[in-house]
Amino acid sequence: MTCGLPGAVIRHVAESAHFTLHTIRPSAIIIQVGINNLFVPLDDPQWLTLDEDLGRLFDAAMAHAGIVIVTTPFPIEKGFDEPDSSVLLRAQWLAEEVVPAIFRQAATRSLPIIDLFREFSTDDGTAKPGTTVDGIHFSAEATVGVRALYEARLLNLSRSSTGDLGAAIDLACAQLDAARNDFDCLRAILPQSRKATYESSDGFTVWERATDPFLEDPKFKRAYAKGNATGHRFGDPKNLHIEWRVLVGCWAAYHCRLIEGDFVECGVNTGILANAIEEYIDFNNISKDFFLFDTFNGIPVEQAAPGEIEHAQSMNDAFYWDCFDIAQKNFSHMPRARLVRGVVPESLSTVQIDKVAFLSLDMNIAAPELAALEYFWDRLTPSAIVLFDDYAYGAVQREEMNRFAISKNTSILPLPTGQGLLIKPFI
Ligand SMILES: C[S@@+](CC[C@H](N)C(=O)[O-])C[C@H]1O[C@@H](n2cnc3c(N)ncnc32)[C@H](O)[C@@H]1O
């Protein structure tokens, strides 16, 4: 397949001739022309002769390629105001020999090629702001953006990774869409860029779905911010980006506020979820206790199954410390918050709880969670919700919880957040 994008649009190119080849995803090769005057094919740096070794380089990558994108790793500004410099000579050599050779190699293999080099005017030595390829204008930023886009995909980065990267990706998406729409031969190859409406650090991205109803909801934003500000030591203290996870908890609590029984959380730490819930459903104005069970000092590793010990230990080392004072402070505005310090399940029977409307299990290991589930099952009011924070993480937890659910003739809904949701059946 050939695209007919003209190699001639590249008149003057990079300041030197360092080639790096990226096989980015099954349908693309990106060739960068960068800063050193070497060809570096794959992992095997060596001098190359143009057709022979470029051919080898192409062949090595061809197995996966459907399109060649020639780009630069960054805007090329330096060197071109020195007309006699070796930089300029190398640039001319690139423009006149190397890039045409790339096009030849691509054509030999019937590969479409899209050229995102910046175009330079040698008349006054100044760089033009971008490149026009058959009527499509690729700005310099877009050139960088395309690379960012592909690298982001390669590395599985999200748009929230950095502001600059995010902006570059947005731009690249727009440019790719333009190219895709204007060239038939690219339509089948280039993916239509899609807009991620939710990108979190919580393991998943949502494309083209309405997330504004909660991400922009002032009530939810207040609740989320309150939970996030509890002084936890997980990840980024400014924002953990667990919005959807917190939303699930808030939604469940909102449902459960109308059900007979108290709220219970086993595994509280500084109280991210419980604080968000309090704010979201105005907990202080409903007539319930919120029982909050925790050692407030980490996971008792002796409770961990063999397959959980290492993880439990690393969680203790990384995230948990004696946070009881902080937790007490965080719940001091909730007259009916009942902090119970101690090891679950032994601590459960130290307080009287007759009926439960909402049960959150978040202790990172299976044994105390299963024990708590067994302890509270008969106390759960029909249609009460059990929220498993770690359901889709450790296999031990998941299998134990599944076994329990099956024994009760019900099942747990896995969520993309990693949580699990169970509704106490009416039986
Ligand atoms: C992931 S944190 C809970 C986070 C909390 N749900 C939030 O929203 O901030 C897990 C907590 O479980 C507690 N924990 C683990 N095993 C426990 C057990 N057997 N008894 C009591 N607390 C336990 C740890 O001390 C830790 O604070």
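Hi everyone, two quick notes before the tour. Residue numbers start from 1 along each chain, in the order its sequence is written. As the model is predicted, local features need pLDDT of at least 70 and side-chain atom pairs count only at pLDDT 80 or more, while totals for chains, interfaces and linings use all residues.

Let's begin with the overall picture. The protein chain has 13 helices and 16 strands; these are DSSP runs numbered from the N terminus, with H or I over at least four residues for helices and E over at least two for strands. Of its 427 residues, 39% are buried. Buried here means 20 or more other C-beta atoms within 10 Å of the residue's own, exposed means 12 or fewer, and partly exposed is in between, with C-beta atoms placed from the backbone. Two residues are in contact if their C-beta atoms, again placed from the backbone, lie within 7 Å. Among contacts between residues at least 6 apart in sequence, 70% join residues at least 24 apart.

Now the core. A nonpolar core is a set of buried Ala, Val, Leu, Ile, Met, Phe, Trp, Tyr and Cys residues joined through C-beta atoms within 7 Å. The largest one has 60 residues, and C250, A253, A276, I277, F358 and L359 have the most contacts inside it. Which helix gives the largest share of this core? That is α8, with eight residues. Looking at A253, and skipping residues up to four places away in sequence, we find it touching F263, I277, Y280, I281 and F358.

On to the sheet. Seven strands form an open sheet with mixed pairing, in the order β12-β11-β10-β13-β14-β16-β15. Its edge strands, β12 (337-341) and β15 (413-414), each pair on one side only. Pairing requires that DSSP finds at least two bridges between two strands. β13 and β14 pair in the parallel sense over five bridges, and L361 has F388 in β14 as its bridge partner. Packed on the sheet is α12, which touches β10, β13 and β14, and its direction makes about 175° with that of β13. For that angle, axes are lines fitted to C-alpha atoms, for helices over the stretch in contact, and angles run from 0 to 180 degrees between N-to-C directions.

Next, the ligand. There are 22 residues around it, and G267, N269, I272, L273 and P368 come nearest; a residue is near if its C-beta atom, placed from the backbone, lies within 6 Å. The shell divides into eleven nonpolar, nine polar and two charged residues. In that count, Ala, Val, Leu, Ile, Met, Phe, Trp, Tyr, Cys and Pro are nonpolar, Asp, Glu, Lys and Arg are charged, and the others, Gly among them, are polar.

Last, some backbone details. Most residues other than glycine have a negative phi, and most peptide bonds are trans. N269, in the loop between β10 and α9, has a positive phi of about 55°. Is N269 buried or exposed? N269 is buried, because 27 other C-beta atoms lie within 10 Å. S383, in strand β14, also has a positive phi, about 80°, but S383 counts as partly exposed because it has 15 other C-beta atoms within 10 Å. Finally, the peptide bond from V344 to P345 is cis, with omega near 15°, and P345 is in the loop between β12 and β13.
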